[in-house]
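Keep the structure open while you read.

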Amino acid sequence: MSNILKRLNFILGIFFVFISIFIGKILEDIARSILKTMYNFFAFLGGPGSGGYIDLFYESFVVETLGTAVYSGVAIFGPILFFEKFFNKIKINWLPSIILLSIFFLGFLIISLIDYFTRMSNLDFVENLQVIVMLLSYTIGAFMPLILAMKHLGFKYTWLNKFD
């Protein structure tokens, strides 16, 4: 019986990651609104490049990257740190959860790419560039917490050694 439970320990991890996805989405919305408010506050103060294309791309990059990183980070690190703090005797295989979250975020990325390519001809150059920056920042924000979670969990003999 104990051997079967050790092999099925990933189900508990998937369940808690599924719950934390909803919490992560709420925190992502809060983080995006805080970042946009901060951007508007600093844009109101003015500066050498306020209101230009650089600010537009910077805002798109920062808001999308940090917002998605909060979403992805809470979704994976919330359950991991919760179990490490309160239930450290329960050993969970988090790799299936990380793989499912990767598929989850990759699915949204593919949907966004399909949407972009279907309406690409209706956008001008700056809007195309902004969408490309947002897709790139979504990719960074979604997958860097997953890579950091794998490093945190101790996946040593993989391609993660390149990130040392």
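Is Y71 buried or exposed? Y71 is buried, with a relative accessible area of 10%; buried means under 20% relative accessible area, exposed over 50%, and partly exposed in between, using a 1.4 Å probe and protein chains only.

Some ground rules before going further. This is a predicted model, in which local features need pLDDT of at least 70 and side-chain atom pairs count only at pLDDT 80 or more, while totals for chains, interfaces and linings use all residues. Residues are numbered from 1 along each chain as its sequence is written, and side-chain values use heavy atoms, with hydrogens and water left out.

**The overall layout**

The protein has five helices and zero strands, so the term needs a word: helices (H or I, at least four residues) and strands (E, at least two) are DSSP runs, numbered from the N terminus. Reading along the sequence gives the pattern α-α-α-α-α. Of the 164 residues in the protein, 32% are buried.

**Aromatic rings**

The structure holds twelve aromatic pairs; rings of Phe, Tyr and Trp (its six-membered ring) pair if their centres lie within 6.5 Å, and planes under 30 degrees apart count as stacked, over 60 as edge-to-face and the rest as tilted. One of the pairs is F15 with F16, edge-to-face at 5.5 Å centre to centre, with 85 degrees between the planes. Another is Y71 with F104, also edge-to-face, at 6.3 Å centre to centre and 80 degrees between the planes. Because Y71 lies in helix α3 (residues 53-86) and F104 in helix α4, this pair ties together parts that are 33 residues apart in sequence.

How accessible are these rings? F104 is partly exposed, at a relative accessible area of 28%. F15 is partly exposed too, with 47%, and F16 counts as partly exposed at 26%. F15 and F16 also belong to one aromatic cluster with F82, F83 and F86.

Y71 has a charged neighbour as well. K25 lies over the face of Y71, at 5.6 Å from the ring centre; to count, NZ of Lys or CZ of Arg must be within 6 Å of the ring centre and within 35 degrees of the ring normal.

**Salt bridges**

Side chains of opposite charge can pair when their charged atoms come close. A search of the whole structure finds four salt bridges, each being a side-chain nitrogen of Lys or Arg within 4 Å of a carboxyl oxygen of Asp or Glu. Here are some of them:

| Salt bridge | N to O distance |
|---|---|
| K25 and E28 | 2.9 Å |
| E28 and R32 | 2.8 Å |
| E64 and R32 | 3.1 Å |

K25 and E28 both lie in helix α2 (residues 10-45), three residues apart, about one turn of the helix. E28 and R32 are separated by about one helical turn because they sit four residues apart in helix α2. What does the bridge between E64 and R32 tie together? E64 lies in helix α3 and R32 in helix α2, so the pair ties together parts that are 32 residues apart in sequence. Salt bridges that share partners join K25, E28, D29, R32 and E64 into one network.

As for accessibility, K25 is partly exposed, with a relative accessible area of 37%, whereas E28 is buried at 4%. R32 counts as buried at 17%, and E64 is buried as well.

**The second largest pocket**

E64 turns up again here. The second largest pocket is lined by E64, S112, D115, Y116, R119, V131, M134, L135 and Y138. On a 1 Å grid over the protein atoms alone, a pocket is an open set of points where a 1.4 Å probe fits, with protein on both sides within 12 Å along at least five of seven lines, and lining residues have an atom within 4 Å of a point. Its volume is about 160 Å³, meaning the space filled by probe spheres set on the points. Helices α4 (95-119) and α5 (125-153) each supply at least two residues of the lining.

The lining residues divide into five nonpolar, one polar and three charged. Here Ala, Val, Leu, Ile, Met, Phe, Trp, Tyr, Cys and Pro count as nonpolar, Asp, Glu, Lys and Arg as charged, and the others, Gly among them, as polar.

**One more contact**

M144 is found in helix α5 and counts as partly exposed at 34% relative accessibility. The C-alpha atoms of M144 and A69 are separated by 7.4 Å, although the two residues are 75 apart along the chain.
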